[in-house]
Amino acid sequence: AGMLLVGALPVLVLGLGAVGLLRATDAVWLALAVDVLLLCLLGWFIAAIRTPQIWIRLSSALITAAFGGALILLKAAVHH
């Protein structure tokens with residue numbers, strides 16, 4: 001369910017760009033930022049289920065967000 005949410009919210013942001021409420025480039029960057037933020041939160045909550053240790057939760061959140069950032073960089077490299 002978490003991964004579905006991570007995918008659905010950026011699509012809604014992109015929809016704001018499609019209907020003209022946001023400029024297309026702004027919608028794309030905002031959707032990417034929302035995706036990384038949601039991945040960070042997803043990493044935090046998954047770790048929170050498994051361990052009470054704050055450092056493991058924080059590490060999990062940062063690693064998950066870093067994967068999102070890496071995907072953005074790879075996508076940018078492919079499109080240039």
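Mentor: The largest share of the lining of the largest pocket, 8 residues, comes from α3. A pocket here is found on a 1 Å grid over the protein atoms alone: it is an open set of points where a 1.4 Å probe fits, with protein on both sides within 12 Å along at least five of seven lines, and lining residues have an atom within 4 Å of a point. The model is predicted, so local features need pLDDT of at least 70 and side-chain atom pairs count only at pLDDT 80 or more, whereas totals for chains, interfaces and linings use all residues. Residues are numbered from 1 along each chain as its sequence is written, and side-chain values use heavy atoms, leaving out hydrogens and water.

In total, 20 residues line the largest pocket, and V28, L32, L71, I72 and K75 lie nearest its centre. At least two lining residues come from each of α1 (2–18), α2 and α3. The space in the largest pocket is about 430 Å³, a volume being the space filled by probe spheres set on grid points that are joined across faces, edges and corners.

Now the chain around the pocket. It has 3 helices and 0 strands, in the order α-α-α along the sequence. Helices are DSSP runs of H or I with at least four residues, strands are runs of E with at least two, and both are numbered from the N terminus. The C-alpha trace spans about 45 × 25 × 15 Å along its principal axes. Of the 80 residues, 20% count as buried; buried means under 20% relative accessible area, exposed over 50%, and partly exposed in between, with a 1.4 Å probe and protein chains only.

Helix α2 (residues 24–50) has 27 residues and should span 39 Å at 1.5 Å a residue, which agrees with the 39 Å between its end C-alpha atoms. The expected span is 1.5 Å times one less than the number of residues. Buried residues of α2 include A27, L38 and A47. A27 is 16 residues from V11 in sequence and 9.6 Å from it in space, C-alpha to C-alpha. V11 is in helix α1 and counts as exposed because its relative accessible area is 53%.

D26 forms a salt bridge with R23, with the closest N and O atoms 3.0 Å apart. A salt bridge is a side-chain nitrogen of Lys or Arg within 4 Å of a carboxyl oxygen of Asp or Glu. The whole structure has 1 salt bridge. D26 is partly exposed because its relative accessibility is 33%, and R23 is exposed because its value is 57%.

R57, in helix α3 (residues 54–79), is buried but has no salt bridge, and the nearest side chain of opposite charge, D35, is 21 Å away. For charge, Lys and Arg count as positive and Asp and Glu as negative, with His and the chain ends not counted. Beyond four places in sequence, R57 contacts W44, A47, A48, T51 and P52, contact meaning heavy atoms within 4.5 Å. T51 lies in the loop between α2 and α3, and its relative accessible area of 14% is why it counts as buried.
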